[in-house]
Amino acid sequence: MYSIALISFCFIFLINYTFQQGQGSFEVREHSVTRPYASVFSTSNSNWDLTGNTIVTDKFIRLTPDVQSKAGGLWNRIPVYYPDWEMHVQFKVFGEAKTLFGDGFVIWYVRDPKIAGPVYGSKDFFQGLAIVMDTYANRNDDYSRTFPYISAIVNNGSLHYNHDDDGFNLTVASCESHFRGRDTDTLVAIRYQDNRLTVSTDTEGQNKWTECFSIADINLPTHYYFGFSAATGELSDNHDIISVHTYQLESSEERRKEDRTGILPSAPTANMGSDNNITSKPKGWSVLKIFAIVALLIITILVGVGILFYMKQRRYHSSRLY
Ligand SMILES: [Ca+2]
């Protein structure tokens, strides 16, 4: 009886995986979504939940339509029990607007999934990782970032995501990426292995990954949940998830044996809010420059007045001579 149970378990275990990327890496079916979606969502024991305004067609899973004040989510139900993983997400962000659109979407790895809130339709003070695919620059003052923009945020549950500064002060790594409104397929890959977080994009239709950032020393536990969410406010866009492929990566024996469930998300060596990709714009006119201009103006006026006075004097003397 025991051996039959064990064989059944092994069989179920094996069919859940498809060999993908070399030895030790497998696609995890329960953390992936591919067409046809009917087979993903039609059963009561689906691995995924849809929240808010999310709709499923035969071509895409639409988190929000290009309509104001909508919010939606796609959340996985099975905790991620392996420490090292890579997720490839095919998505599409587009809409009618040419200049004003928003706000983007988030790829989540969090302790508490499916809780509606103000961060792209999901919970603030979240515990876990957010890969923010931000299409609208809320803060656009003295930083020369161009949007769309991808940023990674690691939160232990105590930090507030501030939309007004695009989560700038919590950003551990980021890059600019022109993923919106493309005719090509747009994909993002998130790899978490040996505490290194690497995000790459493929938006040019060349079937080639371009590294967005790679940052070491990112601590994330196991048994959190994957999810996606998006929200529109005054600005809107279609935010579509087309496919998700998640791979379990090969882990060292030490990591496999380690109990990682209690790890608090952290990025102890990250220089939050001062990523290398973000450079300050010139700060405008310095005091010295303003002083020099004022001085030049005064000298010009003085010289002008001087010339006028001199000419007037000459005319005066001339009129006295004749
Ligand atoms: Ca924003």
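Me: Which residue stands opposite I150 in strand 11?

Reply: Start with the general idea: strands of a sheet pair through backbone hydrogen bonds, either parallel or antiparallel. Strands here are DSSP runs of E with at least two residues, numbered from the N terminus, and two of them pair if DSSP finds at least two bridges between them. In this case M133 stands opposite I150 in strand 11. Strand 10 (residues 127-134) and strand 11 (residues 149-156) run antiparallel, joined by eight bridges. This is a predicted model, in which local features need pLDDT of at least 70 and side-chain atom pairs count only at pLDDT 80 or more, while totals for chains, interfaces and linings use all residues. Residues are numbered from 1 along each chain as its sequence is written.

Me: In what order do the seven strands of the open sheet lie?

Reply: The order is 3-6-16-8-10-11-12, with antiparallel pairing. Strand 3 (48-52) and strand 12 (171-176) are the edges, each pairing on one side only. From one strand to the next, the twist averages 15°; the axes behind that angle are lines fitted to C-alpha atoms, and angles run from 0 to 180 degrees between N-to-C directions.

Me: Which residues have the most contacts inside the largest nonpolar core?

Reply: The general idea is that in soluble globular proteins, nonpolar side chains tend to be buried together. A nonpolar core is a set of buried Ala, Val, Leu, Ile, Met, Phe, Trp, Tyr and Cys residues joined through C-beta atoms within 7 Å. Here the largest one has 59 residues, and V106, I131 and A152 have the most contacts inside it. Strand 8 (residues 104-110) gives the most to this core, with six residues. Leaving aside neighbours within four places in sequence, the contacts of V106 include I131, M133 and F228.

Me: Why is strand 17 described as largely enclosed?

Reply: Eight of the eleven residues of strand 17 (residues 238-248) are buried, so the rest of the structure largely encloses this strand. Its antiparallel partners include strand 7 (residues 85-94), over ten bridges, with Q90 opposite S243. Strand 5 (residues 61-64) is joined to strand 17 by three bridges, and there I61 faces I241. Two bridges tie strand 2 (residues 26-28) to strand 17, where E27 stands opposite Y247.

Me: How many residues lie between strand 13 and strand 14 in their hairpin?

Reply: Two residues lie between them, and D194 in the turn has a positive phi of about 50°. Seven bridges join strand 13 (residues 186-193) to strand 14 in the antiparallel sense. Strand 14 (residues 196-202) is mostly covered, with five of its seven residues buried. Follow T201: this residue is the bridge partner of V188, and T201 also stands opposite T210 in strand 15.

Methods
Buried ≥ 20, exposed ≤ 12 C-beta atoms within 10 Å, placed from the backbone. Helix = DSSP H or I, 4+ residues; strand = E, 2+ residues; numbered from the N terminus. Contact = placed C-beta atoms within 7 Å.
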